[in-house]
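Here is a short report for a reader new to this structure. Have the sequence and the 3D view ready.

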Amino acid sequence: LDEHDDLRAKIRVATLDGDTPHSERAQVANTCNIVLSNPDALHAAILPNWKTTYKNLFGLPCGDCAPSDKQKRLRYLVVDEAHLYEGVFGAHVAMILARLLRVVAAAAAMNGLEARPP
């Protein structure tokens, strides 16, 4: 991105995980269009607060967002190394992802949209 000014202006990437300071999490959700996370952060931070702190990720109206970022929605979720999730941990991750799909569907319904199944 450093070599491409036009892309740098459009692509805003950040990590949102357990190491992300709480004071920066809302800013990441409101300003970034690519958010890298993990199942633990989904479970412990993002999904419990999808109607408040992370509402912009799910396309809910966001008063503190930049005008160009209003009404953006989660479009893709990439789970890296998913083939390694097995046993109890794999079942836990599967339940978190199922919960994410329910939240996406609920947020879409709140916006009068239809969530597309995977």
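## A threonine in a loop

The side chain of T20 reaches the backbone oxygen of T15, at a distance of 2.9 Å. This comes from a predicted model. T20 sits in the loop that runs between β1 (13–15) and α2.

Is T20 buried or exposed? Its relative accessibility is 7%. The cut-off for buried is under 20%, so T20 counts as buried. Leaving out residues up to four places away in sequence, T20 touches T15 and R25.

## Helix α3 and its cap

Helix α3 spans residues 39–46. N38 caps the N-terminal end of α3. A side-chain oxygen of N38 lies 3.1 Å from the backbone nitrogen of D40.

## The buried side of the picture

Which residues of α3 are buried? They are P39, A41, L42, A45 and I46. What covers these buried residues includes two other helices: α2 (22–31) and α4 (87–110).

## An exposed alanine

A44 also belongs to helix α3. Its relative accessible area is 58%. Exposed means over 50%, so A44 is exposed.

How far apart are A44 and D17 in sequence and in space? In sequence, 27 residues separate A44 and D17. In space, their C-alpha atoms are 9.5 Å apart.

Definitions and conventions
Residues numbered from 1 in each chain as written. Predicted model: local features only at pLDDT ≥ 70, side-chain atom pairs only at ≥ 80, totals over all residues. Heavy atoms only, no water. Buried < 20%, exposed > 50% of the residue type's maximum accessible area, 1.4 Å probe, protein only. Helix = DSSP H or I, 4+ residues; strand = E, 2+ residues; numbered from the N terminus. Contact = heavy atoms within 4.5 Å. Polar contact = N/O pair within 3.5 Å; in protein donor to acceptor, adjacent residues only side chain to side chain.
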